[in-house]
Amino acid sequence: MIAVIVAFANSCKQTNKDDGKETILKGKTTILVDETFLPLIEDQVTVFQSKYKADITVQGKSENELIQSFLKDTSRIVVLSRVLSANENKYFEQLKIKPKVTPIGKDAIALISNRSNKDTLIALQDVISFMRGSEIKGIKGLVFDNPNSSTVRYMNELAGLTALPAKNVYSFKTNKEVVKFIAENEGMIGFVGLNYLYQPTEAVASNLKNINVLSVKDSGKNDYFAPSQNNLAEGTYPLARDLYIINCQGYSGLGMGFASFVAGDIGQRIILKSGLLPIRTPGRKVNFITNKKKEKENE
């Protein structure tokens, strides 16, 4: 995939040498990113910029804020945990732009509790019932990152709600604040993007020793599963979600080049290393070295 991009870029250079225009591997742009997996995309951008003459600004926001910026043309490249809605697609159809959607991997919503809570198992149905107003033993409250986040939207859809309940359900602004709050308070259940646990900032890392990552039982199932790479691959963790790069630039710009990079071998290896699940497992070459001298002795 990247080889094709490079070939295309070389042909562009012949007709547009140093004209300053954006191409798939050169220029300046902004990428809007769901805050719950911001560390992953920042890593991807760092490596991409080290290889190509690209200057990419990454803006991490809640899902609702991202969509508003996306539709207002703050940027035409966005990384989301969902595809565009029918109305959002219709908006771009009116602009005669066909969104290019590139699946890049799978993320998960992780449930966390204070380290003092010795029970590291939780049933998803209990969480849903609590959101609907039922009292559940062992749960004092639920804590979310942001009322406009993809995590809140995901859990509201599971619970059949249109908004977070006002009683015993709290929200901050970032995943970092959720981790800090759970590390300091007993009996609460927090919701964070898995990427923040595998690639924590310094502030998040300092609180990880005081939290438990919970294993979750899906509704109607008997077994509990942790939000691990293996369980994402096997489809057993119930709070998994797909990740997409959506490009509505309408021309061959950095959106196309970056999406191809992330979906290619190097980008997929970065996702694998991040603890999330790449859309395709990068290949591994194994070289078998034989000792010819020893083989001759054995003949």
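Predicted model: local features only at pLDDT ≥ 70, side-chain atom pairs only at ≥ 80, totals over all residues.
Student: Which residues of helix α12 are buried?
Tutor: Helix α12 covers residues 265-274, and a residue counts as buried when its relative accessible area is under 20%. By that cut-off, the buried residues of the helix are Gly267, Gln268, Ile270, Ile271 and Ser274.

Student: Within what arc do the buried residues of α12 fall, seen down its axis?
Tutor: In an α-helix there are 3.6 residues a turn, so residues three or four places apart point the same way. The buried residues of α12 line one face of the helix, because, seen down the axis, they fall within an arc of 155 degrees.

Student: Which strands are among the elements that cover the buried residues of α12?
Tutor: The cover includes the helices α2 (38-51), α8 (194-198), α10 (229-234) and α11 (254-263). Strands also take part in this cover, and those included are β4 (100-114) and β13 (277-278).

Student: How many bridges join β4 to strand β12?
Tutor: Strand β12 spans residues 240-247 and runs antiparallel to β4. The number of bridges that join β4 to β12 is eight.

Student: Which residue of β8 stands opposite Ala110?
Tutor: Strand β4, in which 11 of 15 residues are buried, pairs with strand β8 (residues 188-193) in the antiparallel sense over five bridges. Within β8, the residue that stands opposite Ala110 is Val192.

Definitions and conventions
Residues numbered from 1 in each chain as written. Heavy atoms only, no water. Buried < 20%, exposed > 50% of the residue type's maximum accessible area, 1.4 Å probe, protein only. Helix = DSSP H or I, 4+ residues; strand = E, 2+ residues; numbered from the N terminus. Arc of directions from axis to C-beta. Contact = heavy atoms within 4.5 Å. Pairing = 2+ DSSP bridges.
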